[in-house]
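Open the model in your viewer and keep the selection tool at hand.

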Amino acid sequence: MRRYNPTETEPKWQQIWADDARYRAKDFDDKPKYYVTGMFPYPSGAGMHTGHFFEHSIVDAVARFRRALGHNVVYPMGWDSFGLPAENYAIKTGTAPAVVTKQNIANFKNQLTRVGASIDWSREINTTDPEYYKWTQWVFTQMFERDLAYQKESLQWWCPVDKTVLANEQVEGGKCWRCGSEVEKKSMKQWFFKITDYADELLEEIPDLNWPEKIKTAQTNWIGRSQGAEIDFAVEGRDELITVFSTRPDTLFGATFLVLAPEHPLARSLATDEMRENVEKYIDDAVKKSEIERQSEGKEKTGVWTGSYAVNPVNGEKIPIWVADYVLGGYGTGAVMAVPAHDERDFAFATKYELPIVQVVAEYEVLSGKLAPREDWPTRKKQVVDAIITDGEGNYLLQVEKVSDTQEDVHFVGGGVDEEDESIEMALRREILEEVGYPNIISIRQVAPFSGVHAQRTIKNRNHQTWGAYYEVVIDKTVQVDSEIEQGLHGVIWAPKSEVVDMINWSTHAKGWRDYLAGKLIDTDVREGLLVNSGAFDGTHTSEAREEIVAWLEQQGVGRSKVIYKMRDWLISRQRYWGAPIPIIHCDEHGAVPVPADQLPVVLPEVADYAPKGDGKSVLARETDWVNTTCPTCGKPAKRETDTMDGYACSSWYLLRYTDSQNAKQAWDPAKADYWSPVDMYIGGDHAVAHLLYVRFWNHVFYDMGLVPEKEPVKQLVYHGLIQAEDGTKMSKSKGNVVDPLEVIDAGYGADALRTFELFLGPINENSNWSSKGIAGVYRFLNRVWTLVQEYDESDKAGGADSKKLDTLTHATTKKVTDDIRRLSFNTAIAALMEYVNDLYKLKTEGFTADWQQPLETLVTLLQPFAPHMTAELWEQLGRDTQLDFEQWPSWDESKIISDTMMIIVQVNGKLRAKLELAVDTPEEDVKSAALADEHVQQFLGDKKPTKVIYVPGRLVSIVK
Ligand code: ANZ
């Protein structure tokens, strides 16, 4: 009998697979295509550790599964090899990055071969190969022609250690994503891709993507679409306008001051002579801070008044103009209308600097119970005032009305505001005079506004939608004239402050009283509701008011509806050596001219010294022979662009290059992209925005160019967790806790055990820890499979009367494993296979006779995606001369899964005492007697006759003593 020896079988099969090139995918094959791949690796000097191998185990299992399902599978591989590590290594050692990259790629390729990944190596790509980046450069020129690539002077994140510009996405918490040092801002001329032109289209497709929700949310937030309005404020005594962007134009009446970002072009010039020094100093300090610092929550807001005023276009009110660093220069218009009552940042600022706060949105409360509005009644809208009348000496006036013989309503004095131009104050005076007869009012002060809707039966069966506020009204009690009291319409009570709460029986007024006691003059938690303190728009719901106010502003020519995005254009240029040169030639006469297609690639020249000098320029700027060239348009002397592209450019289209990687005439043949695109499953454990947004952006552009069949490049995205070190920390070379996959393989476990173990560790989207015990366990399992086949001989082929039981097991396992792999639940699929093997062993020891060929073949086929080498060997041993990789995936027959026996659990007084295997059609009486006759049950029962025996069909017999 042969021993399981992966050290021998694995290289044998790897050789066979390489020799017959069986994983080479055929373009245009009739079988349904399936395109699966992982995010291509950066070939680092350290090689892959077992954590990195996880991704390849997943991709390969999917590729193998799909092949067995009859798909034309392509599983390509390539190298994302531009970037800083190779360049930094070159700076340190003088070795050309190209040389190191080549060595690293050879090492990675060897590792992947040794794990048995079924890669189509004929499609291999390497982004640093001029034959590859030639096409990245070509895409750049296409972007340029389409006005999607442009150069602009701008303030950029600058890493003082790596001496390079960084994209927003590469700055994490104010630090460089690579080296972790604090980043700075520097003004430089840079190249950008206009991804913002595609913001809406990219956003639109997100809901339909079969991608993890967290990535979809991250992209949605990153794009950050804000629907709002631009509003123009005149500046008092000057010609300039200040335009603000607001998502809440409905709150315009509550704008009590304007705030400019320190970078705003008017920030300095609006300072009055008196305020100039303060303003200048404030701005000088603020521009040095990072956005993160400026916007961090909880940071105390600071600012200065310019001394100038703006005019609120909606009501002509004069409001002060401030400069504060919580407003960002690069977002919207760099200016905001501050609505302190409804915006937290503005509130904090207004409170600190004692600026006015006006509530303009009142919570919209719909009453319930008897007062609930009815859909079949008309709704009348009315502004109301309610007066909390006091004598200023701690006594409060309440109105008392008889509603029936047994019931009185007690509430504040109040009523509607007359539509004909009556002011709030007039309405209050009129109501107080009419209802309780006090003509002398000492003061009026607004308490929190409210709004709501309720039904009123007494007045013509109507719903009432009301809005308004409570007002504290201090009156002179000594003068009183005739009022409704004398007409006997209602009575009044003067109550001391402490008793009011127990007397009021209108719930809305009780809330007004509580707000008054709490000193809540405004309700700053309100976001949506009815407008108050908003002139002609009072009583309008905020959702409608947003549109109505913008329409009014548009009509007046002082505002317009506007959509803005958080996302900025994609900064693509790097002042580094190890990247694809930007294919642009600068000519004095013709400006930036793209290098014509027939002159591509612009090959990166070899240089003697790779170290940047910190002058903001690439080392390429020192290669004068290379820099000096001629203009493609006029032939006069011109200079090459010396910036290179960020590596993200090359990785934004590599999935398409895989469809046609050897094409020397085109980036790819659209017919091939038409066949292979989109990627059916893309697997990775890194990136949420950057790379995954850029591939989408480029693919949308390619779609518009007619080069790809669909807008979206990736149908299903699978995000896997990490395999961490044994102690739960992240594997990293610097920590010395990495597990080397080749060491695991060479230790005798083999690649199959490694792969199967990695997938057995847990659900793939979660993090798991490496375990040396665990891999030994999986190795033992593979041994058991091996041995099972070794023990299989002629006598096992005899067949037997009992094959039904084996059939049930095989079909049930096939179903479970297939469903699980489809769901990418590899750990449970492997567990089911382990159980299957245990069951097969059990049957064997029981002397079970049947034809074992089919069950063993099924086992081998089902295990193939995880342990391809061993199963290929066993397939041969089972007498099969076909390629297991392309063998049809086993199917199952539902009717065979239904077992003809059932497992009955027997409990005595609620405790499990026995398990019985009985035929499914055993009658109830026989099940019960079998349970009672069981010797364990007998032990617990003694001689006692049970008081109760209950049978739950097919599952349980419960015996009560
Ligand atoms: C008035 C207002 C009232 C606002 C209110 C909000 C709530 P998002 O949704 O993130 O786009 N804003 C505008 N430009 C800004 C800038 N450059 N820096 C800081 N804040 C800025 O946010 C848009 C809102 O953020 C805008 O709407 C504006 O404040 C503020 F109850 O205007 B809002």
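Select strand β41, residues 956-960. Strands here are DSSP runs of E with at least two residues, numbered from the N terminus. Four of the five residues of β41 are buried, so the strand is largely enclosed by the rest of the structure; buried means under 20% relative accessible area, with a 1.4 Å probe and protein chains only. This is a predicted model, in which local features need pLDDT of at least 70, side-chain atom pairs count only at pLDDT 80 or more, and totals for chains, interfaces and linings use all residues. Residues are numbered from 1 along each chain as its sequence is written, and side-chain values use heavy atoms, with hydrogens and water left out.

Ile 950 stands opposite Ser 958 of β41. Now select the turn: β40 and β41 form a hairpin with three residues between them, and Gly 954 in this turn has a positive phi of about 80 degrees.

Finally, select Ile 959 in β41. Is Ile 959 buried or exposed? Ile 959 counts as buried because its relative accessibility is 0%. Leaving aside residues up to four places away in sequence, Ile 959 touches several residues, including Val 906, Val 908, Leu 932, Leu 941 and Val 949; contact means heavy atoms within 4.5 Å. Leu 932 is 27 residues from Ile 959 along the chain, and their C-alpha atoms are separated by 8.4 Å.

Key. Buried < 20%, exposed > 50% of the residue type's maximum accessible area, 1.4 Å probe, protein only. Pairing = 2+ DSSP bridges.
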